[in-house]
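These notebook entries record what I looked up in one structure, topic by topic. I begin with the aromatic rings.

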Amino acid sequence: MTSLNFNVYKLRFTAPVHFGGDNALSLESAQMHFCADTLFSALCHAALLQGGNEAVARLCAAAAAGDMRLSDGMPWKEDQKGDQFYLPRPFLSPVKRMETSPEKRKEAKKLRYLPVSEMEKYLAFLRGEGSLDFNALSHSFGIIEERTRAAVPEGGETLPYFVGAYRFEDNCGLYFLLGYENEALENEVRRLLKLLQYSGIGGKISSGFGKFCLEDVIELEAPFDSQTEWLAQALKDAQAPVQITLSACLPAESELESALEGAQYQMIRRGGFIHNPADTGAPRKKRGQCVFQAGSTFRARFGGELSAVGTSAGQTVYRYNRPLWLGVKL
């Protein structure tokens, strides 16, 4: 596998976001984060508008070759100590059986994200070393809102419908990690992100949702504090006995059997629609897939794949199902 450089991209949202789940109520529901496939699709759409099919093909080729890796969007929060970056709580069972009250178990299950600065303490806790105040680790990053919209069918009556939205607190937002093989690729991703600031990311962007400011880019090749040092080390530790995926992902068929050995995971369903300005028909559904949720853990890294999920204007449409890994010891 190509040796990659890694950057942190800090996004501050200037409008509510709509990152829905793939279910019957996905329009009404809202979640805080976006998955890596949503980000990849947005980058490809921006590339299509700016450089046509050739620009999209370059992104897909880099992702297929492993020269570009994306994480899901993960929360950050500013406090008196500066920026605090959070990671998905890994799906790991305790090494030692611990006598824990039902209340503590509930607190632990509800904890979706952990600060980078607390990850080693959490792993030590799973080894039976020390204790953790899960309630103190739990943080709010914003609120869920419900917006009313109106559908006006041709020749029919106006019909109201509801859209779930997430609004971040002023001192919170999302960041993602990019692994890249060369500077030209990183420059292209950064250029496309600057374009996406104005159009938005996620659903309902035509209604003004998902707009953001690319507030900062941190190069992890030059870590400057304990958080970035820990991230830089863990991202490159391919030999660690526990590998945590930071992106929703799916092994290639040839990798699946070995990937499942000793794995601890949850699955989520990914769907969505194909939006292509060159395709004048109604948006078509992408082929749905069940994939591993970010935070799932494995004994060894696998490559994942770009999965073909439909066609549009004669071009194959892919879903980004490649993992971005953190290596840790338990």
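Phe13 is buried at a relative accessible area of 11%, and Phe19 is buried at 4%. Here buried means under 20% relative accessible area, exposed means over 50%, and partly exposed lies in between (1.4 Å probe, protein chains only).

I then took Tyr86 and Phe141, whose ring centres lie 5.0 Å apart with planes at 85°, so this pair is edge-to-face. The two residues are 55 residues apart and the pair links distant parts of the chain. Tyr86 belongs to strand S4 (residues 82-88), while Phe141 is in the loop between helix H4 (134-137) and strand S6 (142-151). Tyr86 is buried at 4% relative accessibility, and Phe141 is buried at 5%. I also noted a cluster joined by ring pairs, made up of Phe13, Phe19, Phe34, Tyr166, Phe168 and Phe212.

**Basis of the entries.** The model is predicted, and I kept to its limits: local features need pLDDT of at least 70, side-chain atom pairs count only at pLDDT 80 or more, and totals for chains, interfaces and linings use all residues. Residues are numbered from 1 along each chain as its sequence is written, and side-chain values use heavy atoms, with hydrogens and water left out.

**Charges over rings.** Which ring has Lys10 over its face? I found Lys10 over Trp76, at 4.3 Å from the ring centre. The charged end of Arg112 sits over the ring of Tyr113, 4.9 Å from the centre. My criterion was that NZ of Lys or CZ of Arg is within 6 Å of the ring centre and within 35 degrees of the ring normal.

**Whole chain.** I listed 7 helices and 18 strands in the protein chain. Helices (H or I, at least four residues) and strands (E, at least two) are DSSP runs, numbered from the N terminus. Of the 330 residues in the chain, 48% are buried. Among contacts with a separation of 6 or more, 74% are between residues 24 or more positions apart; contact means heavy atoms within 4.5 Å.

**Helix H1.** What does helix H1 span between its end C-alpha atoms? Residues 36-64 form H1, which spans only 14 Å, whereas a straight helix of 29 residues would span 42 Å at 1.5 Å a residue. The expected span is 1.5 Å times one less than the number of residues. I located a kink of about 140° in H1, centred on Gly51; the bend at a residue is the angle between axes fitted to the seven residues ending there and the seven starting there. Gly66 follows H1 and has a positive phi, near 85°.

**Helices H3 and H6.** I checked H3 (residues 119-126) and found 6 of its 8 residues buried, namely Met119, Tyr122, Leu123, Ala124, Phe125 and Leu126. Their cover includes S4, strand S5 (113-115), H4, helix H6 (226-235) and S18. Just after H3, Gly128 has a positive phi of about 90°.

In H6, 7 of the 10 residues are buried, so this helix is largely enclosed by the rest of the structure. Its buried residues include Trp230, Leu231 and Ala234. Among the elements that cover them are strand S1 (5-13), H3, strand S8 (172-180) and S18.

**Trp325.** I placed Trp325 in strand S18 (residues 325-328); at 3% relative accessibility it is buried. Leaving out residues up to four places away in sequence, Trp325 touches Ala234 and Leu235, as well as others including Phe298 and Arg301. Trp325 and Gly179 are 146 residues apart in sequence, yet 10.0 Å apart in space, C-alpha to C-alpha.

**Lys204.** I noted a positive phi near 60° at Lys204, a residue other than glycine. Lys204 is in the loop between helix H5 (183-199) and strand S9 (212-219), and at 23% relative accessibility Lys204 is partly exposed.

Key:
Phe/Tyr/Trp six-rings, centres within 6.5 Å; stacked < 30°, edge-to-face > 60°.
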